[in-house]
Amino acid sequence: MRLLLPTDVPFDTDPLDDEGLAQVYRYPDGTGTERSWLRANFVSTLDGAATGPDGRSGTINTHADRQVFALLRALSDVIVVGAGTARVEGYRAPVTSSRWRWVREQAGQTGQPAMLVVTRSGDVPPLLAQEREQAGDVLLLTSRSAPSEAVDLARSSLGEDRVLLCGDDSVDFHVARQELADRGLRRLLCEGGPRLMHDLTAQDAVDELCLTITPSLVAGEHPRILAGPELWADLVPHTLIEADGSLIGRWVRPDAL
Ligand SMILES: NC(=O)c1ccc[n+]([C@@H]2O[C@H](COP(=O)([O-])OP(=O)(O)OC[C@H]3O[C@@H](n4cnc5c(N)ncnc54)[C@H](OP(=O)(O)O)[C@@H]3O)[C@@H](O)[C@H]2O)c1
């Protein structure tokens, strides 16, 4: 793994060791105490596919991408995921890998990151609706238009205070970010999927995109990392790493830093 951008860092960039990698991905100063920061993380093939032949992202990612994926989780206070991705990918409570536990300890982050599932239907993905002790700290984010039976069910399986209703007809992500910040959850990591990423971007709620481009072409019918009606958002390159042919980068909103 070698760091191509930025070039003016005070540590070895080739190879980039774990401390250097954690430094490259640390949340911006002030995040965690005063400001909240939403980073999204995706993987894509060279021809833009966000899934492999089995309809999941696990078949297009690489070893280097998995390393960064695990680090990003370790750095976060809460993992934000669309209910579709949680269902398709069989999301369970996150467990920080032993390799990256020191990152949480160094940042004073106790325990594991929480998991926030975003849904319109209000249905908690099955593996996260289990007994609270098994599922970990799971929160549900929906709007006041979600079916009340589903919301009641979610409250009884996750806990009264674990269901956030932000927005009337649809989820207001800025209100949600404030609610999370009020709970001390300011380092946000969104792991998709493409429809959620579209809506977050449309509301100008994403500060940063972490994207791994894997060195493969797959053709076929696959979603891209955003799915939904046309929109436009500009990002500026911040970081670029090369590892075994994968390009792993961070792009940020021009006015975010
Ligand atoms: N390449 C990658 O890095 C990557 C990352 C993540 C996922 N994926 C792939 O993407 C596919 C899933 O795509 P997807 O677009 O269906 O995933 P998604 O965005 O995670 O799921 C869509 C569902 O999430 C909820 N949702 C999304 N936006 C919402 C909003 N604004 N407000 C309220 N709820 C919202 C809704 O849940 P309800 O149905 O409960 O209402 C919606 O049906 C899978 O194949 C997965 O493997 C790839």
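Predicted model: local features only at pLDDT ≥ 70, side-chain atom pairs only at ≥ 80, totals over all residues.
Q: What is the strand order in the open sheet?
A: The sheet has 10 strands in the order β1-β9-β10-β8-β2-β7-β3-β4-β5-β6, and the pairing is mixed.

Q: Which strands stand at the edges?
A: Those are β1 (2-5) and β6 (163-165). Each has a single partner strand, so one side of each is left without a neighbour in the sheet.

Q: And what is the average twist from one strand to the next?
A: The twist averages 20°.

Q: Turning to β2, how many of its residues are buried?
A: In β2, 9 of 9 residues are buried, and the strand is thus mostly covered. W37, R39, N41, V43 and T45 point one way, while L38, A40, F42 and S44 point the other way. Residues on both faces are buried.

Q: Which way do β2 and β7 pair, parallel or antiparallel?
A: They pair in the parallel sense, over 4 bridges.

Q: How many bridges join β2 to β8?
A: There are 7 bridges, and these two strands run parallel. Here F42 is partnered by L211 in β8.

Q: Does β8 run parallel or antiparallel to β10?
A: Strand β8 (residues 208-214) and strand β10 (residues 246-252) run antiparallel, joined by 6 bridges. The bridge partner of L209 in β10 is W251.

Q: Now β3: why is it described as largely enclosed by the rest of the structure?
A: Because 5 of the 5 residues of β3 are buried. V78, V80 and G82 point one way from this strand, and I79 and V81 point the other way.

Q: How many bridges join β3 to β4, and how many join β3 to β7?
A: With β4, strand β3 pairs in the parallel sense over 5 bridges, and I79 has M115 of β4 as its bridge partner. With β7, it is joined by 3 bridges, again running parallel. V80 stands opposite C190 in β7.

Q: On to the helices. Which residues of α8 are buried?
A: In helix α8 (residues 194-202), the buried residues are L196, M197, L200 and T201. They cover an arc of only 130° around the axis, which puts them on the same side of α8.

Q: What covers them?
A: The covering elements include β2 (37-45), β3 (78-82), β4 (114-118), α7 (173-182) and β7 (187-190).

Q: What follows α8?
A: The helix is followed by D204, whose phi is positive, near 60°.

Q: And α1, which of its residues are buried?
A: For helix α1 (residues 18-25), the buried residues are G20, L21, V24 and Y25. Their arc around the axis is only 125°, which puts them on the same side of α1. Their cover includes β1, α2 (63-75) and β9 (236-243).

Q: Last topic, the ligand. Which residues come nearest?
A: Of the 31 residues around the ligand, G82, G84, G192, G193 and R195 come nearest. The elements that give two or more residues to this shell are β2, α3 (83-88) and α8.

Q: How do the shell residues divide into nonpolar, polar and charged?
A: The shell around the ligand has 12 nonpolar, 12 polar and 7 charged residues.

Terms used: Residues numbered from 1 in each chain as written. Buried ≥ 20, exposed ≤ 12 C-beta atoms within 10 Å, placed from the backbone. Arc of directions from axis to C-beta. Contact = placed C-beta atoms within 7 Å. Pairing = 2+ DSSP bridges. Axes fitted to C-alpha atoms, helices over the stretch in contact; angles between N-to-C directions. Near = placed C-beta within 6 Å. Nonpolar A, V, L, I, M, F, W, Y, C, P; charged D, E, K, R; others polar.
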